[in-house]
Amino acid sequence: MGQGSYILGTQDVGVDDIDISGIGIDVSYAWYLSENISINLFLGYYLMNSEVDNIEMKMGGLGGSVGIAIHL
């Protein structure tokens with residue numbers, strides 16, 4: 001599976017607000033233990049931009065997770 005996401009928001013930090021935007025791309029694989037139970041592995045790459053008082057900060061990195069799904 002694949003997934004894309006777009007993030008847009010504002011964070012209130014007291015005097016100033018931080019504008020936040022970013023994108024993410026995930027790929028995943030489901031390994032079925034039985035017909036109704038699977039272990040899901042996710043790997044993604046994310047890019048985030050934030051700006052406050054005309055100072056821009058860019059962040060990026062890999063993220064991963066493992067989940068268990070029960071299909072009813």
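Colleague: Where does Ser-28 lie?

Modeller: You'll find Ser-28 in strand E2. Strands here are DSSP runs of at least two residues, labelled E and numbered from the N terminus (helices, H or I, need at least four). Bear in mind that this is a predicted model, where local features need pLDDT of at least 70 and side-chain atom pairs count only at pLDDT 80 or more, while totals for chains, interfaces and linings use all residues. Numbering starts from 1 along each chain as its sequence is written, and side-chain values use heavy atoms, with hydrogens and water left out.

Colleague: Is Ser-28 buried or exposed?

Modeller: Ser-28 has a relative accessible area of 15%, so it's buried. Buried means under 20%, exposed over 50%, and partly exposed in between, with a 1.4 Å probe and protein chains only.

Colleague: And what does Ser-28 touch?

Modeller: Leaving out residues up to four places away in sequence, Ser-28 touches Met-1, Leu-41 and Phe-42. Contact means heavy atoms within 4.5 Å.

Colleague: OK, Leu-41 then. Which strand is Leu-41 in?

Modeller: Leu-41 sits in strand E3, residues 37–52. Leu-41 counts as partly exposed because its relative accessibility is 42%. Beyond four places in sequence, Leu-41 touches Val-27, Ser-28, Tyr-29, Ser-65 and Val-66. Leu-41 and Gly-67 are 26 residues apart along the chain, with 6.6 Å between their C-alpha atoms.

Colleague: How many bridges join E2 to E3?

Modeller: There are 14 bridges between E2 and E3, which run antiparallel. Val-27 stands opposite Leu-43 in E3, and Ser-21 stands opposite Asn-49 in E3. E2 and E3 make a hairpin with four residues between them.

Colleague: How many bridges do E3 and E4 pair over?

Modeller: E3 and E4 pair over 16 bridges, again antiparallel. Tyr-46 stands opposite Gly-61 in E4. The hairpin of E3 and E4 has two residues between the strands, and Asp-53 in that hairpin takes a positive phi near 50 degrees.

Colleague: Which residues form the nonpolar patch on the surface?

Modeller: The patch consists of Tyr-29, Trp-31, Leu-33, Ile-37, Leu-41, Val-66, Ile-68, Ile-70 and Leu-72, together about 1,100 Å² of accessible area. Patch residues have over 30% relative accessible area and no salt bridge; nonpolar side chains (Val, Leu, Ile, Met, Phe, Trp, Tyr) are joined within 5 Å, like charges within 9 Å. A salt bridge is a Lys or Arg side-chain nitrogen within 4 Å of an Asp or Glu carboxyl oxygen. Areas are Shrake-Rupley with a 1.4 Å probe, and for residues only the protein chains shown count as cover.

Colleague: Which strand gives the most to the patch?

Modeller: E4, with three residues. E2 (17–32), E3 and E4 (55–70) each supply at least two. Ile-70, one of the patch residues, belongs to E4 and counts as exposed because its relative accessibility is 63%.

Definitions and conventions. Pairing = 2+ DSSP bridges.
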